[in-house]
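Me: I have a structure to go through and would like to ask about it piece by piece. Could you look at it with me?

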Amino acid sequence: MNFRKIDIKNWDRNENYNWFINVNRCKINMTVNIDITDLIAAVKENKIRCYPTFTYIASKVINANDEFKMNYDNDGNLGVYDIVHPRFPIFHESNKRISILWTKYSNNFQTFYENFTNDINMYGNKRSMAAKGKFPPNIFDMSSLPWTSFTSFNCPLGNDIWLPPFVMAGRFFENNGKILLPLSLTVHHAVCDGYHASKFFNEFQNLATNFKQWL
């Protein structure tokens, strides 16, 4: 894990960053329906799970863009991690509550899938909001809401300067012969604009469409 500090005074985003941190502190939230028609067929054919598959795609997009890998270090310095890992909830059917896990990101899907499923098998039954132990600083949040589809999803964070992305996948549904996945993204406007949010969805769609390149 490497952390590259940003010289805010000489950063080309300096004015935008300071505006959305000090004057108009806010986040951007977008929800887009992703066409996963062929991807879901491949997931079923290969007998793999949707949750780690969608998490891999989100992780791959996020790790390809510095804007999604920004955070503060322990000294309050703004910077970019070279790699970030997904933190995600596991639902316990018995009491309808969740535990929180994280898994190590790998650009290779098979390696990532094994990391994800191994963590669930090892820590998934542990009832804790940090079931695998202390979270690393280089994380983002990914979740799934498989019980319902949605046209918008917003989960306001109490810490207004929390910079890492929050991604939520809903229940996919059929529309005009296509299988669509509702996908929500929340990012802090200090480090991301609408352009970057749109880029996330475009790249997610591209990976979902061209799954043969990585699955």
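Predicted model: local features only at pLDDT ≥ 70, side-chain atom pairs only at ≥ 80, totals over all residues.

Me: How many disulfides does the structure hold, then?
Reply: The count is 0.

Me: Is cysteine 192 buried or exposed?
Reply: Cysteine 192 is buried, its relative accessible area being 2%. Buried means under 20% relative accessible area, exposed means over 50%, and partly exposed lies in between, with a 1.4 Å probe and protein chains only.

Me: And what does cysteine 26 count as?
Reply: Cysteine 26 counts as partly exposed, because its relative accessibility is 23%.

Me: Changing topic: how many helices and strands are there?
Reply: The protein has 5 helices and 10 strands. These are DSSP runs numbered from the N terminus, with helices being H or I of at least four residues and strands being E of at least two.

Me: What about the overall dimensions?
Reply: Along the principal axes, the C-alpha atoms fill a box of roughly 50 × 40 × 30 Å. The radius of gyration is 17 Å, which agrees with the value near 17 Å for a compact globule of 215 residues. That radius is taken over C-alpha atoms, and the globule rule is 2.2 Å times the number of residues to the power 0.38.

Me: What share of the residues is buried?
Reply: Of the 215 residues, 47% count as buried.

Me: Where is leucine 185?
Reply: Leucine 185 lies in strand β10, which covers residues 178–188. With 1% relative accessibility, leucine 185 counts as buried.

Me: Which residues does leucine 185 touch?
Reply: Setting aside residues up to four places away in sequence, leucine 185 touches Ile28, Asn29, Met30, Pro165, Phe166, Val167, Ala197, Phe200 and Phe201. Contact here means heavy atoms within 4.5 Å.

Me: How far apart are leucine 185 and leucine 215?
Reply: They are 30 residues apart in sequence, and their C-alpha atoms are 23 Å apart in space.

Me: And asparagine 63, where is that?
Reply: Asparagine 63 is in helix α3, which spans residues 50–63. Asparagine 63 is buried at a relative accessible area of 12%. Neighbours within four places in sequence left aside, asparagine 63 is in contact with Lys69, Asp82, Ile83, Val84 and Tyr105.

Me: What is noted about the phi of lysine 96?
Reply: Lysine 96 has a positive phi of about 60°, although it is not a glycine. Lysine 96 sits in the loop between β5 (85–92) and β6 (97–102), and at 51% relative accessibility lysine 96 counts as exposed.

Me: What about the phi of asparagine 176?
Reply: Asparagine 176 is not a glycine, yet its phi is positive at about 55°. Asparagine 176 is found in the loop between β9 (173–175) and β10. Its relative accessibility is 75%, so asparagine 176 counts as exposed.

Terms used
Residues numbered from 1 in each chain as written. Heavy atoms only, no water. Disulfide = S-S within 2.5 Å.
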